[in-house]
Amino acid sequence: MSTTAPASDLFDPTSDPLDRAPEAVRRAWDEAVASLERGELEESRESLCAARDAAEGFAELEDRLECALAAVRIELGEAVSREALRAILMRAGTPIVLHLAAYQIGRLFELEGAAKKALFYARLSLEHGRRTGRPELEARARNLMGNALAADSYFEQARAEYASALSLDAEPQTPWRAMLEENMGYCDVVLGELERGLTGLYRSLRRLVRLGAERFQITARIDLAYGLLRADRPDLATRHLQRAIEFAERHEDGRALRNALFLEAEAAHRLGNTFAARRATQRLGELTGSPDLAEYLLHADVLELVNLRA
């Protein structure tokens, strides 16, 4: 029989089901967090599965862990049921679980390119996150809002959300904080503030390298390469793109690989390396199933029009 949270906890906005979790759940949870911060998503997923299994019978705790598991599966590109998350959103009693369920639904919509729906759920996650009094939850919700706004090319508004998230100074030593700085830097570059943007992007990448978070370096290197291309440094951009492509292939990140190949073709074109440019566009055509579009990119300068967040 499932056990619900005590009535007093349902009215306590700061309550976290993990605070009352059995020792086996906490142990598995700590292992999951440590793996996640190293960028070892598969290992984190396995530990979260173990935590969820150990939480059987504690309904609110199971939902809490199910949301965390969904987060990792989303980043791994695995199927996650939006309806299951909506069911949690309808029945959850604590703000932290409501925040997490709304956040993951928003993240799914973000990856599907449904920016307006992503923004709706990001705002909902912000509303519940702020009720918990935990700055890291508010920061993550604001980051998701920024992502949704950037996907729709509202870069000024997106940058404001990233700035608000950074001002909360949450999780300063984690890969997530570095990726938030990366998002801010990308907006700066798009908005024409190259020096500021490149400074933020380099700082973000250095932190990720220091943390050994290889998987999370992929988009950081792509964003940095984009900024370097905007600064007319295709030579430096190429170095980061080569690493980004290597890491994207290793971690089977198709979206990042397509972005990296697009920028690699542009960098090669600017360097006068026709062979490398054609090779990149051919690979891009194979991945997208649009060889004609890839061929067009070989001869057109569309860097100013591209939105890596779309």
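1. In this predicted model, arginine 196 and glutamate 193 form a salt bridge, with their closest N and O atoms 3.5 Å apart. Both partners are partly exposed: arginine 196 has a relative accessible area of 45%, and glutamate 193 one of 30%. The contact belongs to a network in which salt bridges with shared partners join Glu156, Arg159, Asp188, Glu193 and Arg196.

2. The search of the whole structure returns 39 salt bridges. One of them pairs glutamate 42 with arginine 215, at 3.2 Å between the closest N and O atoms. This pair links distant parts of the chain, since glutamate 42 lies in helix H3 (residues 41-54) and arginine 215 in helix H12 (residues 214-230), 173 residues apart. Arginine 215 is buried because its relative accessible area of 11% falls under 20%. Glutamate 42, at 35% relative accessibility, counts as partly exposed.

3. A further salt bridge brings together the side chains of arginine 73 and glutamate 78, with an N to O distance of 3.7 Å. Arginine 73 is partly exposed at 23% relative accessibility, and glutamate 78 is partly exposed at 28%.

4. Four aromatic pairs are counted. Phenylalanine 109 and tyrosine 121 form a stacked pair, with 5.8 Å from centre to centre and 20° between the planes. Phenylalanine 109 belongs to helix H6 (residues 95-111) and tyrosine 121 to helix H7 (residues 115-132), so the pair ties together parts that are 12 residues apart in sequence. Both residues are buried, phenylalanine 109 with a relative accessible area of 5% and tyrosine 121 at 12% relative accessibility. Ring pairs also link Phe109 and Tyr121 with Phe120 in a cluster.

5. Which geometry describes the rings of phenylalanine 155 and tyrosine 186? The pair is edge-to-face, because the planes stand at 65°, with the ring centres 6.2 Å apart. Phenylalanine 155 lies in helix H9 (residues 155-167) and tyrosine 186 in helix H10 (residues 175-190), so parts 31 residues apart in sequence are tied together. Phenylalanine 155 is buried with a relative accessible area of 10%, and tyrosine 186 is buried with 1%.

6. The largest share, four residues, comes from H14. By class, the pocket lining comprises eight nonpolar, four polar and two charged residues.

7. The count of cavities of 30 Å³ or more comes to one. The largest cavity contains about 40 Å³ of space and is lined by Phe262, Ala265, Glu266, His269, Leu297, Ala300 and Val302. H14 gives the most to this lining, with four residues. The cavity lining has five nonpolar, one polar and one charged residues.

Terms used:
Residues are numbered from 1 along each chain as its sequence is written. This is a predicted model: local features need pLDDT of at least 70, side-chain atom pairs count only at pLDDT 80 or more; totals for chains, interfaces and linings use all residues. Side-chain values use heavy atoms; hydrogens and water are left out. Helices (H or I, at least four residues) and strands (E, at least two) are DSSP runs, numbered from the N terminus. Ala, Val, Leu, Ile, Met, Phe, Trp, Tyr, Cys and Pro count as nonpolar, Asp, Glu, Lys and Arg as charged, and the others, Gly among them, as polar. On a 1 Å grid over the protein atoms alone, a cavity is a set of points where a 1.4 Å probe fits but cannot get out, and a pocket is an open set with protein on both sides within 12 Å along at least five of seven lines; lining residues have an atom within 4 Å of a point. Grid points are joined across faces, edges and corners, and a volume is the space filled by probe spheres set on the points. A salt bridge is a side-chain nitrogen of Lys or Arg within 4 Å of a carboxyl oxygen of Asp or Glu. Buried means under 20% relative accessible area, exposed over 50%, partly exposed in between (1.4 Å probe, protein chains only). Rings of Phe, Tyr and Trp (its six-membered ring) pair if their centres lie within 6.5 Å; planes under 30 degrees apart count as stacked, over 60 as edge-to-face and the rest as tilted.
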